[in-house]
Amino acid sequence: MTVTFPQKGLPWLLLLPQLLVTAVFFLWPAEQALEQAFYQEDAFGLSREFVGLDNFLDLFTDPLYYQSMLTTLVFSFSVAIFGMSIALLLAVMADRVIRGKLTYQTLLIWPYAVAPALAGVLWWILFDPSMGPIALWLESMGLDWDHYLNGGQAMILVVIAATWKQISYNFLFFLAGLQAVPRSLIEAAAIDGAGPFKRFWTIVFPLLSPTTFFLLVINLVYAFFDTFGVIDATTKGGPGQSTNILVYKVFEDGFVGLDLGSSAAQSVVLMAIVGVMTVIQFRFIERKVQYS
Amino acid sequence: MTDVILENVGKTYPNGYHAIPSVDLSIEEGEFIVLVGPSGCGKSTLLRMVAGLESITQGELRIRDERMNDKEPAERDIAMVFQNYALYPHMTVYNNMAYGLKNRGVGKTDIEEKVSNVADMLGLTELLQRKPGQLSGGQRQRVAMGRAMVRDPKVFLFDEPLSNLDAKLRVQMRIEIRQLQRKLGTTTLYVTHDQVEAMTLADRLVVLNKGKAEQIGTPMDLYDKPATPFVASFIGSPSMNLLPANLVEQGIKLSETLILPLSHAHRGGVVWGIRPEHLEVSDEQNADFALRVQAVESLGAETLIHGALEDQSGRITSLVIRLSGPHLPEIDSLIWLIAPTKHWHVFDAITQQRL
Amino acid sequence: MIENRPWLTFVGHATLWLGVALVALPVWMALVASTHPASAFGVGHIPLWFGDAGVETWKSVLLEEAGNGIESSVTFMMLNSLVMALGITFGKIAISLLSAYAIVFFRFPFRNFCFWIIFMTLMLPVEVRIVPTYEVVANLGLLNSFTGLTLPLIASATATFLFRQCFLSIPSELVEAARIDGAGPFRFFFDILLPLTRTNIAALFVILFIYGWNQYLWPLIITTDNAYYTLVMSIKRMLSVTDGDIEWNRIMATTLLAMLPPVAVVIGMQKLFVKGLVDAEK
């Protein structure tokens with residue numbers, strides 16, 4: 001952009017609202033978390049003392065925190081992998097069919113608009129051990145379903161609810177990616193004698209790899225940070241610690257456990273994780289720009 | 001009356017790049033000036049400096065005796081037609097033309113009158129309620145011109161306005177622009193890289209090379225007496241034949257065996273030039289030299305013959321001849337040529353100046 | 001497709017229908033459940049076909065208090081949700097448009113620094129800094145207010161980036177033409193920039209509306225006053241029954257109502273939604 005307006009004060013005026021909101025509701029809290037992370041406060045907020053890195057040391061020697069990390073990883077990768085696989089399958093099929101493409105798209109994308117907490121509630125009733133049709137069906141197949149007591153099953157429930165909501169997003173991006181594969185490449189492969197399956201795995205899928213990588217990052221970010229509602233509305237991190245993912249633990253330790261120092265230290269760790277993920281995402285986008 | 005004056009105008013970018021060293025130019029009222037040169041020569045930059053879209057880092061720009069260096073584009077009373085037309089895509093043709101007037105606080109009835117006058121003149125009346133997306137390339141070009149004309153500015157600025165049109169339309173619009181400018185009598189500064197456009201439109205041409213005005217003059221001045229080999233090769237199509245030579249006592253020494261007689265006091269390296277249309281076919285006795293035919297392009301009304309001037313050292317120099325009517329010499333045959341002295345152009349090889 | 005293989009086409013349609021059915025399954029269940037009286041959800045089974053208590057349930061959900069300590073009706077909470085969603089959406093769009101405008105069309109000291117400050121908000125989702133943000137909002141006396149519900153959420157790096165991209169893609173000649181036509185910063189913004197980015201704004205509106213409507217944790221922690229309860233967060237309070245059974249029929253009706261507006265927006269404005277989603281990730 002070579003042509004700009006000469007005014008000097010106006011741009012600050014234009015930026016003011018955004019900067020103000022950012023400073024008050026983002027930077028200040030972030031700074032508070034950073035500060036709080038080095039203090040120990042009593043539950044009533046009456047006194048606090050500087051404890052240095054103790055909060056972090058406590059955190060990193062706490063087996064519960066490691067367990068929560070592990071839970072988060074299992075949860076996030078499950079959501080990402082299931083969500084992406086199902087979406088890819090549906091997108092490939094939708095790309096193949098000639099009639100009704102848009103109708104299928106409409107019928108598949110709406111769950112994006114459902115709040116995570118509501119997604120959790122919807123699947124909860126299906127899996128409710130005493131009356132949910134799926135739970136009862138599983139029972140009739142000889143599998144005792146009770147996510148109130150069984151940690152593994154609770155994890156499966158939240159993974160299903162979180163995945164369900166994310167399929168639509170993945171589907172749209174895979175479909176766009178598939179439609180961007182040059183027709184002539186597929187035709188050339190067909191002339192070279194490759195059948196539809198071979199074509200997919202040798203031509204289409206490799207060409208989709210930028211989309212796949214992008215979606216992997218987005219899905220992990222989603223599972224890490226946007227699934228709070230799913231957990232809170234269904235399992236509340238339980239039973240035991242089995243679905244207590246990091247972002248839920250920050251909230252729980254801070255608001256329920258009132259361990260502000262630890263919660264702040266956890267906030268700082270999470271900010272670092274988001275930072276790293278954001279940088280990866282941006283690196284990727286830069287690369288994509290270069291290639292295209 | 002002198003309308004626009006550029007005095008020692010130059011441009012240095014913040015990164016130190018010296019885009020335009022210095023240009024002096026004074027434009028008479030109603031004159032049509034064309035800035036021409038290869039891409040990257042600084043012609044668009046110069047135009048944009050006049051428009052106020054680029055800052056002037058040195059010298060002075062005056063329009064009707066008023067210093068314009070620090071004025072906003074809108075305060076300079078100029079209008080510009082862009083290469084991509086730059087029509088506002090969300091506004092109708094009418095609003096595109098009226099926008100500048102509205103911003104200047106012109107009354108509604110005044111605007112209506114001015115727009116409809118200009119629309120009449122350009123044959124746009126039927127299209128006033130359309131949006132730019134619904135117009136053809138030629139129509140958009142007209143709207144862009146209408147937007148400039150409606151304000152009746154002191155100066156029109158054109159930045160390669162025809163380069164997005166197909167060849168046929170380009171010729172038609174070229175003639176139309178010239179007629180309109182004559183009729184309106186508005187001082188015009190026009191940028192192009194196309195020398196045909198430049199020759200046909202201009203009252204005077206400014207040939208720019210690397211940010212410097214190589215020569216300023218009427219089209220025929222530049223054709224007959226190019227000041228430098230650059231101007232010589234840029235004006236005229238096909239380009240002038242330019243050959244490195246030496247000026248010696250006997251004349252122009254093109255090679256060990258070929259000396260064309262000329263008495264001139266200058267000695268040393270020169271560039272000798274002759275336009276393809278000025279070479280004449282002759283017989284062996286009277287000829288100045290012979291050319292071995294390499295390729296023939298028959299264009300019907302004229303024929304272009306590409307050939308090589310050979311000397312004993314084996315050095316080959318390419319030449320082009322332009323003959324009217326059809327000719328079909330055989331490839332590898334020899335053609336005998338006369339180069340009439342009055343059509344010679346001789347430049348100093350070092351200073352590049354015409355001798 | 002390149003070759004005609006009827007069975008593959010059939011498999012394609014079958015898979016898609018299966019996908020559609022699976023995706024719709026929970027909503028179907030919710031719809032069915034909302035048509036039965038609360039007593040139907042006893043131990044043993046859940047009804048699989050529509051009952052006859054639908055009108056009753058929906059009427060009570062829409063008009064009566066939601067119960068369980070919530071004194072507002074679902075209709076009232078829907079209005080709250082709407083106010084919050086629109087506040088967040090318009091707020092984000094407005095401040096992002098302005099800051100992107102400043103960054104693209106003006107030159108001033110610390111321009112890049114400002115850009116980075118805004119960029120950093122990407123790294124600080126509200127869930128991550130929940131406790132200190134709560135404290136800040138409490139200190140400012142914004143608990144239980146619409147300002148508190150919306151203002152802390154309206155800074156948006158994503159929207160600012162999107163508008164910046166959008167502005168940068170406007171041909172510079174158009175900007176120059178406007179300058180020559182005498183348009184100053186305000187005229188240019190309203191006459192040229194806004195009309196040219198209309199579609200992008202609309203697309204972003206769809207995405208942000210969904211984001212705003214679906215806020216859960218934030219309203220949950222900063223509202224203790226019924227007057228400010230929003231619909232999505234109220235589900236949690238309705239579910240946390242200490243004595244007696246959960247009223248599944250009413251909860252399911254409420255859930256459906258809570259998801260209806262954003263889902264309707266996605267389906268009704270599908271094109272804009274897809275565009276917004278793709279734009280926002282660029």
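So, the largest nonpolar core: 249 residues, and the ones touching the most other members are Leu118(A) and Leu35(B). By nonpolar core I mean buried Ala, Val, Leu, Ile, Met, Phe, Trp, Tyr and Cys residues joined through C-beta atoms within 7 Å, where buried is 20 or more other C-beta atoms within 10 Å of a residue's own, with C-beta atoms placed from the backbone. There's also a second, separate core of 8 residues, with Leu247(B), Ile252(B), Val271(B) and Phe347(B) among them.

Quick caveat: this is a predicted model, with local features needing pLDDT of at least 70 and side-chain atom pairs 80 or more, while totals for chains, interfaces and linings use all residues. Residues are numbered from 1 along each chain as its sequence is written, and chains are lettered from A in the order in which they are written.

Back to Leu118(A). Leaving out residues up to four places away in sequence, Leu118(A) touches Val232(C), Ile235(C), Thr255(C), Ala258(C) and Met259(C); contact here is C-beta atoms, placed from the backbone, within 7 Å.

And how many residues does the contact take from chain A and chain C? Chain A puts in 83 and chain C 85. On the chain A side, helix 1 (residues 10-36) gives the most, with 19 residues; helices are DSSP runs of H or I, at least four residues, numbered from the N terminus. That side of chain A splits into 63 nonpolar, 16 polar and 4 charged residues. For those classes, Ala, Val, Leu, Ile, Met, Phe, Trp, Tyr, Cys and Pro count as nonpolar, Asp, Glu, Lys and Arg as charged, and the others, Gly among them, as polar.

Terms used:
Buried ≥ 20, exposed ≤ 12 C-beta atoms within 10 Å, placed from the backbone. Contact = placed C-beta atoms within 7 Å. Helix = DSSP H or I, 4+ residues; strand = E, 2+ residues; numbered from the N terminus.
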